Amino acid sequence: MSNAYLSPILQDAQFNNDGTFLAAGLIWFYQAGTTTPILAYTGPDASVAWTNPIVLNARGEASIWIPVNTGYKFVVQDTLGNTIRTVDNVYNTQQTNGYGGTDTGTASAYVLTY
């Protein structure tokens, strides 16, 4: 089971305001609603943290893996530090509890006990 999942945003290429790839652009990440830095990871096992900020590749890309049920704010900047966009309250939600039970009966008349 993974400890982190791909961020639901920022998985695709980032662009400058003129529509070109945001090569060597920056993505800063913080706790949702704050400017408090928070860790984001390079893969699903959450064993290697990204530097903060992430420096994007030549196509303006980076795979950002974040833990479930943790709020993030992402700030995307160009190489000069100009903010392109800010996205706040980003969550990868996962159901952590559910209902279970046992079933009895026959194929056409199941009885579920929760």
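User: A polar contact is a pair of N or O atoms within 3.5 Å. In this predicted model, how far does the backbone nitrogen of Asn82 lie from a polar atom of the side chain of Asp78?

Analyst: Asp78 sits in the loop that links strand E5 (72-77) to strand E6 (83-90). A polar atom of the Asp78 side chain and the backbone nitrogen of Asn82 are separated by 2.8 Å.

User: Which side chain of opposite charge is nearest to Asp78, and how far away is it?

Analyst: Asp78 is buried and has no salt bridge. A salt bridge requires a side-chain nitrogen of Lys or Arg within 4 Å of a carboxyl oxygen of Asp or Glu. The nearest side chain of opposite charge is that of Arg85, at 13 Å.

User: Which residues is Asp78 in contact with, leaving aside its neighbours within four places in sequence?

Analyst: The location of Asp78 is the loop between strands E5 and E6. With neighbours within four places in sequence set aside, its contacts are Asn16, Leu22, Gly25, Leu26 and Ile84.

User: How many aromatic pairs are there, and why is the pair of Phe15 and Phe21 described as it is?

Analyst: The count of aromatic pairs is 2. For Phe15 and Phe21, the ring centres are 5.4 Å apart and the planes are at 25°. Planes under 30 degrees apart count as stacked, so the pair Phe15 and Phe21 is stacked.

User: Are Tyr72 and Phe74 buried or exposed, and what are the centre distance and plane angle of their rings?

Analyst: Tyr72 has a relative accessible area of 0% and is buried. Phe74, at 0% relative accessibility, also counts as buried. Their rings form a stacked pair, with centres 5.7 Å apart and planes at 10°.

Notes: Residues are numbered from 1 along each chain as its sequence is written. This is a predicted model: local features need pLDDT of at least 70, side-chain atom pairs count only at pLDDT 80 or more; totals for chains, interfaces and linings use all residues. Side-chain values use heavy atoms; hydrogens and water are left out. Helices (H or I, at least four residues) and strands (E, at least two) are DSSP runs, numbered from the N terminus. Buried means under 20% relative accessible area, exposed over 50%, partly exposed in between (1.4 Å probe, protein chains only). Lys and Arg count as positive and Asp and Glu as negative; His and the chain ends are not counted. A polar contact is a pair of N or O atoms within 3.5 Å; within protein, one must be able to donate a hydrogen and the other to accept it, and residues adjacent in sequence count only if both atoms are side-chain atoms. Contact means heavy atoms within 4.5 Å. Rings of Phe, Tyr and Trp (its six-membered ring) pair if their centres lie within 6.5 Å; planes under 30 degrees apart count as stacked, over 60 as edge-to-face and the rest as tilted.
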